[in-house]
There are 2 protein chains.
Amino acid sequence: MSTPRTQAGLASVGSRPLYAQVREQLRQRISTGAWRPGQLIPNEFDLAREMGVSQGTARKALDSLAADGLLVRRQGRGTFVVEHTPSDMLFRFFNLFDTDGKPIGPDSKSAHVVQAKATADERRKLGLGMNENVIRISRVRTREDRPFVVETLILPASRFARLEKLESLPNTLYDHLQKHFGITVARGDERIVPVVAGRRQAKALDVDEGTPLLKLDRLMYDLDGNVIEWRVSYCHLDKAYYGVSLR
Amino acid sequence: MSTPRTQAGLASVGSRPLYAQVREQLRQRISTGAWRPGQLIPNEFDLAREMGVSQGTARKALDSLAADGLLVRRQGRGTFVVEHTPSDMLFRFFNLFDTDGKPIGPDSKSAHVVQAKATADERRKLGLGMNENVIRISRVRTREDRPFVVETLILPASRFARLEKLESLPNTLYDHLQKHFGITVARGDERIVPVVAGRRQAKALDVDEGTPLLKLDRLMYDLDGNVIEWRVSYCHLDKAYYGVSLR
DNA sequence: GAGTGGTCTAGACCACCCT
DNA sequence: GGGTGGTCTAGACCACTCT
């Protein structure tokens, strides 16, 4: 029992540390859906035994996944796969605040969903091949019953079958994707540019043409790094701002 | 040696974990300047002995400080207090990228520095009392020799004596503050809003009035959480964007 | 070769949560 | 009371860096 040296139960590539190998195995169980959102996973001791490592090493892998937000650890209860609730997702990835610094919780006012053949831009952004289809969602989001964001969401149709048949689009799309398609939105990149309202945006947002707007252009990725969504939003920031934490 | 129970050498408040207490002590050594930027600090074993904890506990505190960017650990060499280099600071806290996704490294074109009595706004933002002075810096930043950011920086004069006497303002202010005043800029909050260029901005940036600009309004904090700087920037994003990573 | 941080193990006690 | 994660310790070997 005193000589770790060569570990059992793992490929033992030799190069990467043990805890990183354990971490990767556990990450795959989440991304493949073997472990479902909200599920209680085995405790440290059982996982360590199954992987052929010490409890401390298993703990290091679990802590790392918890730090990245894939797991939630609750003292006295156990370790769970994170489950996105609608209220979580309403504020996560949404960086608009009112002048007092309070996060803005947007409502969906209207939405229009269609499926169509992807354009060249859409194929490039989503990494699709020729003749693949996309689902296009256009909607207006409101704040205190007044329109303040108009946006278009593009998703690969192949991964979200029949999404366009939905009667009413949920206000928070991402937890719906997790619950019904088992796909977790893990991270994204957003590009911010200032623009002035054109005719279309002015009409949708009920502002004058030429009003300064914030254009947000973003790509969202799943746990495996595949592009899930391309979204372009035009935001009318009246007594509001886009907040960024600098570290 | 086998009974940890009550630890020696620490206040032993009892409530907070040992490693957190160690972490706080080490953090203070950095923020007070007892450990200078770039300095090699004692190894894990010596620190552990000095604090009366095990090497593993000292390690946990050190790792935590390294994760927050206050320390840098180099295998085989030792642990160092982070030192901001000009090239580090040119890109950190500066989230503008060109269309290819490459970070933009701005140059300082011109700068104007004065000391004056703080206005009410300045006192509120910087947390100053009546009759306190501020240093105001106005400058234009260039990209490929063309102006693209015009900004004003406000700093509390009391903490940066004689900064306004500088012949030429360094391109990267923050590492200058660390080197000459021992004050490290640790984090900040930025508020982004779209605006259209007024007469002043249009002239400074060589664009038409009404051109959409990004207005960045930010506060920067030192290691102890005190406000160090209030900065307002107007950015002309031609073939460029403000990038945010969503997690 | 000596010294450092990086990894890994084994085992202990504590705080918390459930039933 | 029994199970969980959270903290803490003690000691080992490895990989890297410098001289």
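Buried means under 20% relative accessible area, exposed over 50%, and partly exposed anything in between, with a 1.4 Å probe and protein chains only. The model is predicted, so local features need pLDDT of at least 70 and side-chain atom pairs count only at pLDDT 80 or more, while totals for chains, interfaces and linings use all residues. Residues are numbered from 1 along each chain as its sequence is written, chains are lettered from A and ligands numbered from 1 in the order in which they are written, and side-chain values use heavy atoms, without hydrogens and water.

Select A:Cys235. A:Cys235 is buried, at a relative accessible area of 2%. With a disulfide taken as a pair of cysteine sulfur atoms within 2.5 Å, the count over all chains is zero.

Next, go to the sheet in chain A. Strands (E, at least two residues) and helices (H or I, at least four) are DSSP runs numbered from the N terminus, and two strands pair if DSSP finds at least two bridges between them. The sheet is open, with three strands in the order β1-β3-β2 and antiparallel pairing. Colour β1 (40-41) and β2 (71-74) of chain A: these stand at the edges, each with a single partner strand, so one side of each has no neighbour in the sheet.

Select β3 of chain A, residues 78-81, which pairs with β1(A) in the antiparallel sense over two bridges. Show side chains for A:Leu40 and A:Phe80: A:Leu40 stands opposite A:Phe80 in β3(A).
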